[in-house]
Amino acid sequence: ERMQYKIITILGRTGQGKTTLAKEIINKLNRVFIIDVMNEYDYDNIFDVYQLLKVCNDILKNEIKEFKYSLKITDDYFRDKAIEILWLFAKYHYKVFGEGFWLVCEEASLYAKNNSNHKILDFVKYGRHYAINQIYISRNTAEISKTIIANSHLIITFNQQWEGHLKVLEEFGFNTEKIKNLKIGEYIASGETEILNNLLKTKKREVNYATSK
């Protein structure tokens, strides 16, 4: 039987707390790869394809059960190759461990654009077969692939003001007036909110807060 998996999407304007919340979640996890296109994370850093291949091989060969890697993306080639490698790695990882890992994609709208068919969407469509949990982060709600949002078990939004972004969120059941009035660090979660509550060990509230400094 395939293990359960979850997709989380975190949306909102720059400087509202998206990355802070993502880091709070990551700190609770045991196995993570981060597509770090904005140089926001500082775990064990990977700078090129060859280093990533070595890391993936070491994890499988030595059966390493805990890891956190930031892929320091400096160009489209490394980003796209890294995603291809991680997709292949996911299959072997599941075969070896019988469970998956977490994939965190920063500024996903830069490559997982709406109406595009980027390789990252293989994780969205088929990641459940390898128990790959995913977090997608974006400031451009109207531009990120609707496939990601529609398949998310949990959607989180920080403050948003532009009507184009708000319109998308309204389609997914959000109260846009509340979104426009969120203060820095505040967010509203929709969907399986117990995912976040379980990860962060918090009680359920309609408006939550990213608390890390």
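In this predicted model, helix α6 (residues 163-171) buries His-165, Leu-166, Val-168 and Leu-169. These four span an arc of only 155° around the axis, so they sit on the same side of α6. Turn to the face pointing away from that buried side and the exposed residues Glu-163, Lys-167 and Glu-171 show up. The cover over the buried residues of α6 includes β1 (7-11), α5 (146-150), β7 (154-157) and α7 (176-180). After α6 comes Gly-173, with a positive phi near 90°.

As for nonpolar packing, the largest core takes in 51 residues, and Phe-33, Ile-35, Leu-71, Leu-86, Ile-120, Phe-123 and Tyr-136 are the ones with the most contacts inside it. Helix α3 (residues 76-97) supplies the largest share of this core, 10 residues. A second, separate core has 23 residues, among them Ile-10, Ile-25, Phe-158 and Leu-200.

On the charged side, the whole structure holds 11 salt bridges. One of them pairs Lys-72 with Asp-36, with the closest N and O atoms 2.8 Å apart. It links strand β4 (residues 67-72) to strand β2 (residues 31-36), across 36 residues of chain, and both partners are buried. Lys-54 and Asp-58 also pair up, at 2.9 Å; they are 4 residues apart in helix α2 (residues 49-61), so about one helical turn separates them. Here Lys-54 is exposed at 53% relative accessibility, while Asp-58 is partly exposed at 23%.

Arg-139 and Glu-107 meet at 3.3 Å, N to O.

Definitions and conventions
Residues are numbered from 1 along each chain as its sequence is written. This is a predicted model: local features need pLDDT of at least 70, side-chain atom pairs count only at pLDDT 80 or more; totals for chains, interfaces and linings use all residues. Side-chain values use heavy atoms; hydrogens and water are left out. Buried means under 20% relative accessible area, exposed over 50%, partly exposed in between (1.4 Å probe, protein chains only). Helices (H or I, at least four residues) and strands (E, at least two) are DSSP runs, numbered from the N terminus. The arc is that of the directions from the helix axis to the C-beta atoms. Contact means heavy atoms within 4.5 Å. A nonpolar core is a set of buried Ala, Val, Leu, Ile, Met, Phe, Trp, Tyr and Cys residues joined through side-chain atoms within 4.5 Å. A salt bridge is a side-chain nitrogen of Lys or Arg within 4 Å of a carboxyl oxygen of Asp or Glu.
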